[in-house]
Amino acid sequence: MKFRLLGLAVLGTSGVFGLLNCGSGNGNLDNPRQGTITVASDESFKPLVNSLTNAYEGIYPNTHFKIDYKPEQEAIRQFLNDSARIIFATRQLNEKELEIIKRQKGSQKYQHIATDGLALVVSKSNSDSLITMAEVQAIMEGKIKDWAQLKDGNQQGLITLVFDNANASNLNYILEKFKVKDIRNLRIISAGSNEKVIEDVRKNPLHLGFIGVNWISDGHSLASEELSKGIHVLGVSKKTNPDSLSDYIQPFQSGLEFKRYPLHRDLYIISREGYSGLGGGLMTYIARDVGGLIIQKMGLLPTVPYPRELEVTTGANF
């Protein structure tokens, strides 16, 4: 039986030129300490975006972020329609999208805030915990269809791939990474969200899920701990023939550092704010130490790391 994702055509951006009010067109402009703006983000980054915006609102109680979580291409389309002031995305705007902003006589600025990892997860009932990039590519190309075809595979049965949504960053990243043009012959399903990908994989030992690692990498979060139960995060090796277990890297901070984990990706915040408003306040907050600390706490690698101060006690004769 084959499964297919519906609506895989990437949402076109041509013809998106309407200007919608985003809270900045009236005489009462927001500023970094007060106001309300709309933020759009790929659902893959929901735990991180919630943490960053909640922390900011905690410092400035008169600020409020209305957050729309949706597949990345839809978030970008909302941004181009000027119905979201800022977006969190895994890529910068392309030339066509920048031209749309230009025609609207709008502004655009971006900030690279973190390195993220796309995690490959399986049920704990699946004893396979290691995979190579060559094997992932062969799976996406339809050359490997059964778990038994993996070099060290301990399972038998057809592989079903589980993503959150069509047009979302997780699927788009994998397709671009391996230059896959056609997925019609793959066993692939859309679960609806990263959380539902985890739930699906937990119940189906033959399913291979793809999620943003921040859903399970916050070691201080009960929600993250609960989601991590019943699943394995696969170690991924760049080498086709790994020499040892140390060649397999997981998508947590130690693996994201120096981009050792092969399925790493960049995370950006992009703004179309043309004045010093709430969006700029959030971007500044993220660029400062405190924002980096939150990103670090969530298990990603911040672009601006939080500095650690150490007090060293020496001997009397030192």
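A salt bridge, as the term is used here, is a side-chain nitrogen of Lys or Arg within 4 Å of a carboxyl oxygen of Asp or Glu. The model is a predicted one, and it holds 13 salt bridges. Side chains of opposite charge can pair when their charged atoms come close.

| Salt bridge | Closest N and O atoms |
|---|---|
| Arg 85 and Asp 30 | 2.8 Å |
| Asp 218 and Lys 297 | 2.9 Å |
| Lys 229 and Glu 226 | 2.9 Å |

**Salt bridges**

Arg 85 forms a salt bridge with Asp 30. Arg 85 sits in the loop between helix H2 (72-80) and strand S3 (86-89), while Asp 30 belongs to the segment before S1, so this pair ties together parts that are 55 residues apart in sequence. Are the two partners buried or exposed? Arg 85 counts as buried because its relative accessibility is 2%. Asp 30 counts as buried too, at 5% relative accessibility. Asp 30 and Arg 85 are also linked with Glu 273 in a network of salt bridges.

Asp 218 forms a salt bridge with Lys 297. Asp 218 lies in the loop between S8 and helix H7 (222-228), and Lys 297 lies in helix H10, so the pair ties together parts that are 79 residues apart in sequence. Asp 218 is buried, with a relative accessible area of 7%, whereas Lys 297 is partly exposed, with a relative accessible area of 39%.

In the pair of Lys 229 and Glu 226, Lys 229 is partly exposed at a relative accessible area of 43%. Glu 226 counts as partly exposed as well, at 46% relative accessibility.

**Strands S1 and S2**

Strand S1 (residues 35-42) and strand S2 (residues 63-70) run parallel and are joined by eight bridges. Which residue of S2 is the bridge partner of Ser 41? The partner is Tyr 69. Together with helix H1 (residues 46-59), S1 and S2 make a right-handed β-α-β unit.

**Helices H9 and H10**

Helix H9 covers residues 278-287. H9 is mostly covered, with eight of its 10 residues buried. The buried residues include Gly 279, Gly 280 and Gly 281, as well as Leu 278 and Leu 282. Met 283, Tyr 285 and Ile 286 are also among the buried residues of H9.

In helix H10 (residues 289-297), the buried residues are Gly 291, Gly 292, Ile 294, Ile 295 and Gln 296. What covers them? The cover includes H1, strand S4 (109-123), helix H8 (253-256), H9 and strand S13 (301-302). After H10 comes Gly 299, which has a positive phi, near 95 degrees.

**Ile 211 in strand S8**

Strand S8 spans residues 207-212, and Ile 211 is found in it. Ile 211 has a relative accessible area of 0%, so this residue is buried. Leaving aside residues up to four places away in sequence, Ile 211 touches Gly 117, Leu 118, Ala 119, Val 121, Asn 170, Asn 194, Val 197, Ile 198 and Ile 216.

Conventions. Residues numbered from 1 in each chain as written. Predicted model: local features only at pLDDT ≥ 70, side-chain atom pairs only at ≥ 80, totals over all residues. Heavy atoms only, no water. Helix = DSSP H or I, 4+ residues; strand = E, 2+ residues; numbered from the N terminus. Buried < 20%, exposed > 50% of the residue type's maximum accessible area, 1.4 Å probe, protein only. Contact = heavy atoms within 4.5 Å. Pairing = 2+ DSSP bridges. Right-handed = clockwise from strand over helix to strand, strands pointing away.
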